[in-house]
Amino acid sequence: MFQLGKTIVSEELFEREFVCNLSACKGECCVDGTAGAPLEEGETKIMQDIYATVKPFLRPEGIAAIEAQGTSIIGEDGGFETPLVNGAECAYVIFDQDTALCGIEQAYNEGLIKWKKPVSCHLYPIRVREFSDFSAVNYHKWSICDDACSLGKELEVPVYKFVKEALVRKFGAAWYTELEQVAEEYKR
């Protein structure tokens, strides 16, 4: 672990390799698990504001879950998260044949909203845990992403490079530039 500004960062971001492989995993991270995607408090307002625009992209069961539970919920750990459909997939998930995609991101890709998706989704496989004085930035290993690890290794793409856009979104360009410098020193 090393400190970068007000973050404590795991070296696994440099050591592990990762490139999402949707053709292999079919977006399983959006449908597996027991909780919705983690949300920052400010994102809950965004979810409310964009819902009417995103709704036409969603499946009927996703709409029903959102309208019954809300655009975001408080999870068992006390944090905000996306609601689930019958305790399973994210309410915002859509399917392109057998591949899970994000309805929010679809609206973004079509230029209808300016917010891509929750930052926790954008950052994956990185998870950020907020503490009072710092943020912990860690790699999260999940067996459903084994194909992404294999593809990342084949393409030689470390985790921090794969999620560059999301890290810049979360921490800023200057922070990411410092991270790159630490990565270069780490490789030596």
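A nonpolar core is a set of buried Ala, Val, Leu, Ile, Met, Phe, Trp, Tyr and Cys residues joined through side-chain atoms within 4.5 Å. In this predicted model, the largest such core holds 25 residues. Val9, Ile126, Tyr160, Leu167 and Leu179 touch the most other members. Several elements give two or more residues to this core, among them strand E1 (2–4), helix H1 (12–15), helix H6 (119–123) and strand E9 (135–139). Helices H7 (146–155), H8 (159–162), H9 (164–171) and H10 (173–187) are also on that list. H10 gives the most, with four residues.

Beyond its neighbours within four places in sequence, Ile126 is in contact with Leu13, Ser120, Val137, Asn138, Val159, Val163 and Leu167. Asn138 belongs to strand E9. Its relative accessibility is 27%, so Asn138 counts as partly exposed. Residues up to four places away aside, Asn138 touches Met1, Ser10, Leu13, Pro125, Ile126 and Arg127. Asn138 and Glu11 are 127 residues apart in sequence, yet their C-alpha atoms are 8.4 Å apart in space.

Pro125 sits in the loop between H6 and strand E8 (126–130). The peptide bond from Tyr124 to Pro125 is cis, with omega near 25°.

Two residues other than glycine have a positive phi. For Gln97, phi is about 60°. Gln97 lies in the loop between strand E6 (93–96) and strand E7 (99–102). Its relative accessible area is 74%, so Gln97 is exposed. For Glu156, phi is near 55°. Glu156 lies in the loop between H7 and H8. At 63% relative accessibility, Glu156 is exposed too.

Conventions: Residues are numbered from 1 along each chain as its sequence is written. This is a predicted model: local features need pLDDT of at least 70, side-chain atom pairs count only at pLDDT 80 or more; totals for chains, interfaces and linings use all residues. Side-chain values use heavy atoms; hydrogens and water are left out. Buried means under 20% relative accessible area, exposed over 50%, partly exposed in between (1.4 Å probe, protein chains only). Contact means heavy atoms within 4.5 Å.
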